[in-house]
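Have the sequence and the model open side by side.

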Amino acid sequence: MSQLIDPALLGIESPIIRPTKGTKLPRHGPGEKFIAGPIPWRWLSQAAKLPGKTLHVGLAIWHLAFIYKTSEFKLSNVPIRELGITRKARYVALRRLENAGLIQCTSSTGQLPTVKILSPDL
């Protein structure tokens with residue numbers, strides 16, 4: 001017999017939720033884009049606290065990191081445009097992510113910015 005564990009003893013703020021039997025997550029279709037993980041929760045939660053479209057840009061960065069199989073790459077405009085993010089909003093979001101210590105970004109005039117995903121500070 002399994003015993004329930006008191007979440008407070010483990011330092012968990014919310015109660016443990018058990019999934020309903022037979023419930024499956026939606027899957028992407030053939031050729032459809034998706035975000036792969038794992039994405040560190042700490043990285044995601046810090047990005048989510050930033051204003052504007054910053055989280056959207058962060059998710060596009062993680063999408064490209066999976067495609068390129070590296071943490072450092074040129075940031076393509078395609079996923080950014082598909083998320084409805086303007087050029088100005090992209091640059092503002094990149095600066096916010098960089099100031100938060102989540103990415104390192106270098107750019108040259110007329111070139112796509114190079115982004116490197118960093119491990120967030122504690």
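This is a predicted model, and we begin with Ser76, which counts as buried because its relative accessibility is 15%, under the 20% cut-off for that label. Where does Ser76 sit? Its place is in the loop between β1 (72-74) and α3 (77-82). The side chain of Ser76 reaches the backbone nitrogen of Val78 at 3.1 Å. Leaving out residues up to four places away in sequence, Ser76 touches Leu64, Tyr68 and Leu112.

Now zoom out a bit. The protein chain holds 4 helices and 3 strands, and from the N terminus on they run α-α-β-α-α-β-β. Here are some of those elements with their residue ranges:

| Element | Residues |
|---|---|
| α1 | residues 41-48 |
| α2 | residues 54-68 |
| α4 | residues 87-99 |
| β2 | residues 103-106 |
| β3 | residues 114-117 |

The 3 strands make an open sheet, ordered β1-β3-β2, with antiparallel pairing. β1 and β2 stand at the edges with a single partner strand each, so one side of each has no neighbour in the sheet. On average, neighbouring strands here are turned by 20 degrees against each other, direction ignored. Between β1 and β3, the antiparallel pairing runs over 3 bridges, and Phe73 stands opposite Val115 in β3. As for helix α4, it lies across β2 and β3, running at about 130 degrees to β2.

What about the inside? The largest nonpolar core has 20 residues, and those touching the most other members are Trp43, Val57, Ile61, Leu75, Leu94, Leu97 and Ile103. At least two residues of this core come from each of α1, α2, α4, β2 and β3. The largest share, 6 residues, is supplied by α2. Val57 is worth a click: setting aside neighbours within four places in sequence, Val57 is in contact with Ile80, Ile85, Arg90, Ala93, Leu94 and Leu97. Two of those partners, Leu94 and Leu97, are also on the list of core residues that touch the most other members.

Finally, some totals for the whole chain. Of its 122 residues, 26% are buried. Among contacts with a separation of 6 or more, 51% are between residues 24 or more positions apart. The accessible surface comes to about 9100 Å², and carbon and sulfur atoms account for 58% of that surface.

Definitions and conventions. Residues are numbered from 1 along each chain as its sequence is written. This is a predicted model: local features need pLDDT of at least 70, side-chain atom pairs count only at pLDDT 80 or more; totals for chains, interfaces and linings use all residues. Side-chain values use heavy atoms; hydrogens and water are left out. Buried means under 20% relative accessible area, exposed over 50%, partly exposed in between (1.4 Å probe, protein chains only). A polar contact is a pair of N or O atoms within 3.5 Å; within protein, one must be able to donate a hydrogen and the other to accept it, and residues adjacent in sequence count only if both atoms are side-chain atoms. Contact means heavy atoms within 4.5 Å. Two strands pair if DSSP finds at least two bridges between them. Axes are lines fitted to C-alpha atoms, for helices over the stretch in contact, and angles run from 0 to 180 degrees between N-to-C directions. A nonpolar core is a set of buried Ala, Val, Leu, Ile, Met, Phe, Trp, Tyr and Cys residues joined through side-chain atoms within 4.5 Å. Accessible areas come from the Shrake-Rupley method with a 1.4 Å probe; for residues, only the protein chains shown count as cover.
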